[in-house]
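Please open the model in a viewer and keep the sequence panel beside it.

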Amino acid sequence: MVATMACNKEFSSGYVLLDPDQLSLFELIRLLFPGHIGKRAFVDCHEGAESNFERRWIIFISIFAQKLLQLLAKPLSWFGSAFEMGLNLPSANGGFGMLLFNCLSGKVRWPEKTSPTFSSSIGGLDKRVKLDESINPGDSKYYATLSMMSAKIAYENKAYIKTTVEDQWEMEFLGSFDFWNDYQDKATTQAFLLHDKHVESNTIVVSFRGTEPFDADAWCTDFDISWYEIPGVGKIHGGFMKALGLQKNLGWPKEIKQDNSHPPLAYYTIRELLRKRLQANHDTKFLVTGHSLGGALAILFLAVLAMHEETWMLKRLRGIYTFGQPRVGDNKFGEFMLENLRKHDIQYFRFVYSNDLVPRLPYDNKALMFKHFGTCVYFNSFYEGKIVAEEPNKNYFNPLMAIPKNVNAIWELIRSFIISFSKEYKEGWFLRAYRVLGLIVPGVAAHGPQDYVNSTRLGSSALLLPHRIPLK
């Protein structure tokens, strides 16, 4: 990894950048004591950057977590590979009974990780691949349900996504891509595109993959609380910008020539694909979606389009649908985004389910300047939704909410045994085991895809009608 400090930051008016590669135990401990943070080898910041104890403590947690993830990257990947192989063994052998028989007879069929039937651990939580047949184009819930299902299958391999899009959804698969992260020096960002050609829809869907449980690079992106301040835009989460295609020495130029020595950058590649498709058919529109980290990349994709004044493309944007999305910028960034959402009449729906931990991070306080903006479609654990400016308990670690969150986690586990009123909503053993984790850390299990899929299907259609963005 090339040191962040060696990169050109002239595109920003302020910045605080963290580089775990430069971290030593001595420097990490020194961080907790008074002194300008810019003097630390692993911190690069503009003159005048604040460095009170609370900020130093947050930087300590962030840089320590990134360094630990780097050290555990290979073991985590190996464990994840073995775990997912185990999850897929029963289906590859025709069920648990046949798996036992094949083990005894020495004829075990091993799953192929690139096959269209191989499911990720996220896919193992919610195995649904079909769209809800009761929700059709024209229904106000249609794009929300399509977006969430697209965000869910974004975690799968290319063959799985292609088969689902073409065979199950009867739509055109436009490609699944691994995109380059210039700061991690590897392809760590994934997204796919499809074209819903139904007459009533004619919409291209861009779906960004969220954080994979066993991907240390994706977790480093989440924990990297570096930020850049872009003039006229605001302060933005550095880890998310790097994942979308921020370049070390150029920032966000409007046009670039892609470097063919490595995979392409996400923003520029997707924008070019959209340009060609939208110019070929003036009736086609597009929407952008993602779950978790994917949701952050979805809203930042819109932000960079607005920065580049891609007005004609913004007029063709049907909406942004994010699910369990973390905060991505400060209050000034929120104002910039709200202005562009209103100016171009873009619908932005930020879905939050119950006590989901991720939308409540990074913190919205004086030490961390991150803020949400726009429409929050909040669902409780009964899948009852409402439009709010901010989800309840906006900063997750609130001691006063500990007991209510645990009680809710117990209810969600009980609900997993009684929700099987329809085969479509029945929960399996793996998801129930995941909900047990929610008893230990309430909010973790609430981040899974199952509850977001259920919310978009069971929630009221009235929530997703065109509306005015609520003001805080």
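**The largest pocket**

Begin with the largest pocket, which holds about 1300 Å³ of space. On a 1 Å grid over the protein atoms alone, a pocket is an open set of points with protein on both sides within 12 Å along at least five of seven lines, and its lining residues have an atom within 4 Å of a point. Grid points are joined across faces, edges and corners, and a volume is the space filled by probe spheres set on the points. The model is predicted: local features need pLDDT of at least 70 and side-chain atom pairs count only at pLDDT 80 or more, whereas totals for chains, interfaces and linings use all residues. Residues are numbered from 1 along each chain as its sequence is written, and side-chain values use heavy atoms, with hydrogens and water left out.

Select W219, F223, L357, V358 and L361, which lie nearest the centre of this pocket among its 39 lining residues. The elements that give two or more residues to the lining are α2 (53–92), α4 (121–125), α7 (216–223) and α14 (429–440). Helices (H or I, at least four residues) and strands (E, at least two) are DSSP runs, numbered from the N terminus. The greatest contribution is that of α2, with six residues. By class, 29 lining residues are nonpolar, eight are polar and two are charged. Here Ala, Val, Leu, Ile, Met, Phe, Trp, Tyr, Cys and Pro count as nonpolar, Asp, Glu, Lys and Arg as charged, and the others, Gly among them, as polar.

**Backbone features**

P362 is placed in the loop between β10 (348–353) and β11 (375–379). Most residues other than glycine have a negative phi, and most peptide bonds are trans.

Next select S354, which is found in the loop between β10 and β11. Its phi is positive, near 45°. Is S354 buried or exposed? At 3% relative accessibility, S354 counts as buried; buried means under 20% relative accessible area, exposed over 50%, and partly exposed in between (1.4 Å probe, protein chains only).

Then move to N202, in the loop between β4 (186–196) and β5 (203–208). N202 is not a glycine, yet its phi is positive, at about 50°. With a relative accessible area of 15%, N202 is buried.

**The cavities**

How many cavities of 30 Å³ or more does the structure hold? There are three; a cavity is a set of grid points where a 1.4 Å probe fits but cannot get out. For the largest, with about 90 Å³ of space, select T188, T189, Q190, A218 and L293, which lie nearest its centre among 14 lining residues. β4, α7 and α10 (293–307) each supply at least two residues of this lining.

S354 returns in the lining of the second largest cavity, together with residues including N355, K405 and E412. This cavity has about 40 Å³ of space, and helix α13 (residues 402–418) gives the largest share of its lining, four residues.

**A nonpolar surface patch**

Select I410, I414, F417, I418, V436, L437, L439, I440 and V441, which make a nonpolar surface patch of about 790 Å². Such patches are made of residues with over 30% relative accessible area and no salt bridge; nonpolar side chains (Val, Leu, Ile, Met, Phe, Trp, Tyr) are joined within 5 Å, and like charges within 9 Å. Accessible areas come from the Shrake-Rupley method with a 1.4 Å probe, and for residues only the protein chains shown count as cover.

**Salt bridges**

A salt bridge is a side-chain nitrogen of Lys or Arg within 4 Å of a carboxyl oxygen of Asp or Glu; the count comes to 23. Select R457 and E424, whose closest N and O atoms are 2.7 Å apart. R457 lies in helix α15 (residues 449–458) and E424 in the loop between α13 and α14, so the pair ties together parts that are 33 residues apart in sequence. R457 is buried, at 6%, whereas E424 is partly exposed, at 31%.

Now select E391 and R350, which form a salt bridge of 3.0 Å, N to O. Both E391 and R350 are buried.

Finish with E255, R271, E272, R275 and E310, which are linked in a network of salt bridges.
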